Amino acid sequence: MPEFDTLVTRHTAAATQMEELASRLYRELTSAGLDTTPAERIRKLAAQVEQEAEDLRKRQRIVREMERHKIAFGASVATGSIITVPDSLPEAQGLLDGTLAAKAAKAAAAGDKNALKQLQAYASRARDPSFVKAFLRQLGAKGITELPATIAAQLRADAAAGNAGATSKEAREAMRLLATALAKGTDPNDPAYMGDAFLDDLVKHGRSEFKVNGTSYFGYQAQALIWRASEGKPPFSEKSMQVVGRDAIVFEKEKFEDRWKASKDAIGSALGSRQVPMADLATVLGVTEWMIPGTPSIGPAKQPVNQSPHRIGSAVIDDLFHAASSDRKAAQALLNHTPAGWKQSVLSYMLTDRLPAFQFHGNTEPFAEALRKAMTGKDPVSLALTTEALNTLKVHAGKVFLPGDDDRLSIADRKLYDQLGFLRQPMGSALAAHIDQVYGTYITKSGGFDGLDKADMDRLLVLVSSDRDAAVELQAAEAARVVERVNAHYPTSDEKGIKEQLIPEAKVFGHLVEARRLALLANAWSEEQTKKDVKNTLNAAFGLLTSPVGSLGTKVAGELGGLAGGKGAEFTFDQLSSYIANRMIQTSVTSGEALSTASNQNEMVNWLMQSAVISAKIATGDWPEEAMKDAKGSSYVTDDDPPKLRPMHEIIANPKTFDDFMEWARRHSTIESTSNELANTVHTARDNTHDNLNITGY
């Protein structure tokens with residue numbers, strides 16, 4: 001250290017002396033009228049030496065901090081200690097901060113309450129790979145597993161004293177730090193990756209039994225709190241889920257399978273036993289409220305404050321899926337896997353054997369979101385998982401929905417129906433993402449979902465459509481298919497040809513809207529209530545289609561964003577037709593045109609298809625002579641005789657001109673024969689749905 005201090009001091013002095021020399025020489029050369037280049041050269045050298053001196057001073061500060069905190073990464077020699085400081089100063093600072101954070105974590109684990117606040121101060125450093133590696137290396141997999149337990153126990157003690165709120169913020173910040181660090185440290189694509197051996201150690205300690213303040217727990221119950229604290233930035237990796245996540249699922253089944261079987265036997269069923277999952281440690285200790293934001297208050301050692309049948313808290317598996325739900329590959333890594341010795345995949349297991357366990361805490365959102373993330377991509381795994389989920393759920397749907405004594409659809413198993421409730425929305429998103437396969441199941445012999453027939457699909461759609469958001473998303477996806485189908489075929493088809501393209505789409509739409517209707521009627525809605533809701537659901541679907549997140553709205557905002565500003569005069573047919581369709585449908589949703597003028601849902605579907613065809617017809621720009629005569633004197637045509645349409649980018653750029661143009665175009669774009677046949681097709685699809693479900697009471 002003395003030699004290093006001397007080096008820093010001399011470097012700093014040299015920089016100062018060189019700068020003084022440069023200034024004096026510059027003055028002398030200037031006064032003598034000579035070239036000042038030598039002085040400028042010395043000044044540059046002085047700046048370089050000063051930069052090196054500053055670098056050394058930073059290293060000096062880091063080394064002194066290491067000494068002060070008794071941190072040694074080097075080796076002892078006869079004259080002192082050799083301390084390795086990385087060449088990169090940010091890396092050196094990360095090394096120091098990560099070590100100090102780990103030291104604070106160990107102190108917190110030993111019961112030092114002030115250490116938790118010290119640990120919170122390092123939350124902003126958790127994205128630095130050097131910090132993460134030092135932090136995780138110092139704690140190890142065992143320390144990472146034990147720390148959440150210590151924090152939870154401290155909160156439990158504070159709760160008993162009535163002041164848990166005082167430390168809850170520090171606890172949450174510390175847990176977020178752990179979550180960020182562990183996500184980075186277990187991702188092979190991150191510079192902070194700790195290696196495969198670290199993942200194996202997490203598994204080892206996850207399966208181990210620990211104690212905190214007399215309470216026994218498994219390591220996974222503590223690690224689960226880290227998963228639950230994750231905000232998905234960064235997400236937990238596919239690799240971490242393959243190694244740690246999959247094993248946590250297997251471990252819960254190994255430990256709880258026997259008691260789950262007992263809850264379902266004759267005695268357990270008679271006593272109303274429930275399938276109790278492995279709870280995370282915050283739930284075990286009753287501190288969920290303070291460790292996880294947004295959870296209901298339970299207070300210290302008190303019963304839930306509401307009358308819900310659910311036990312307040314969260315299961316280890318709930319927390320695991322929360323962590324996995326931020327990344328598609330991570331979610332797929334859990335679900336698209338069959339563990340050794342199992343006869344079913346994790347996905348099938350979650351939807352069958354473990355399904356009742358989700359109801360114990362009622363914390364179903366994490367699994368639902370992970371399911372949605374895993375199934376809504378356009379990749380083969382997403383489609384395979386969706387197909388598997390549908391084939392599993394069709395068995396449930398067959399038990400839930402049966403013809404009643406009045407030959408109407410009834411809910412035969414209300415308990416199972418309620419258990420499946422949290423799956424409706426993610427399955428709706430999955431079906432919407434794979435709407436082509438929904439179409440294929442109804443219309444073509446190939447291209448549908450393997451293992452499903454039309455009757456299976458009708459039951460599944462009724463199940464899913466019980467959730468309004470799911471029904472809206474599904475219908476919006478089919479509406480997008482209609483617009484795309486028209487745009488793809490209209491340029492080369494006459495009215496008869498486009499009708500042939502739309503008839504199968506009308507069939508699919510008929511099944512979708514009838515599924516929503518039957519779902520409501522099965523839930524004892526009145527005919528009047530049902531009719532109103534089904535129309536409103538369709539209107540909401542049209543609104544979603546043209547919204548900033550809808551497929552048509554997104555396309556207009558992206559590819560077609562320049563149209564409204566009049567940028568460029570050349571548009572493709574698809575661009576122009578899509579833009580016009582978006583405006584027509586959006587205007588209808590805003591004004592309630594289709595909702596108020598259509599007498600039922602069939603007419604609303606017909607209206608959508610008419611709008612798509614009219615938009616395509618307008619985009620072709622082929623107008624009969626009588627139409628052009630009718631347009632004379634309008635703002636969207638020239639003053640020629642006969643008039644001609646102005647360039648389309650000029651018409652679009654002026655909202656009033658465009659609205660006038662659209663009104664004129666619709667008057668001259670009637671497709672009555674096509675409309676009638678499409679309406680009949682939608683009605684026929686409704687009857688087919690009834691046949692598939694064996695009901696006649698509608």
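**View 1. The lining of the largest pocket, by residue class.** The lining holds 13 nonpolar, eight polar and eight charged residues (nonpolar: Ala, Val, Leu, Ile, Met, Phe, Trp, Tyr, Cys and Pro; charged: Asp, Glu, Lys and Arg; polar: the others, Gly among them). In this predicted model, local features need pLDDT of at least 70 and side-chain atom pairs pLDDT 80 or more, while totals for chains, interfaces and linings use all residues. Residues are numbered from 1 along each chain, and side-chain values use heavy atoms, without hydrogens and water. Of the 29 lining residues, Ala 432, Ala 477, Ala 480, Glu 484 and Ser 551 lie nearest the centre of the largest pocket. A pocket is an open set of points on a 1 Å grid over the protein atoms alone, where a 1.4 Å probe fits, with protein on both sides within 12 Å along at least five of seven lines; lining residues have an atom within 4 Å of a point. Helix α23 gives the most to this lining, eight residues (helices are DSSP runs of H or I, at least four residues, numbered from the N terminus).

**View 2. Leu 390 in helix α18.** Leu 390 belongs to α18, which covers residues 380-400. Leu 390 is buried, at 1% relative accessible area (buried means under 20%, with a 1.4 Å probe and protein chains only). Beyond its neighbours within four places in sequence, Leu 390 is in contact with Met 427, Leu 431, Phe 449, Leu 452 and Leu 460 (contact: heavy atoms within 4.5 Å).

**View 3. Leu 390 and Ala 430.** These residues are 40 apart along the chain, and their C-alpha atoms are separated by 9.8 Å.

Terms used:
Helix = DSSP H or I, 4+ residues; strand = E, 2+ residues; numbered from the N terminus. Buried < 20%, exposed > 50% of the residue type's maximum accessible area, 1.4 Å probe, protein only.
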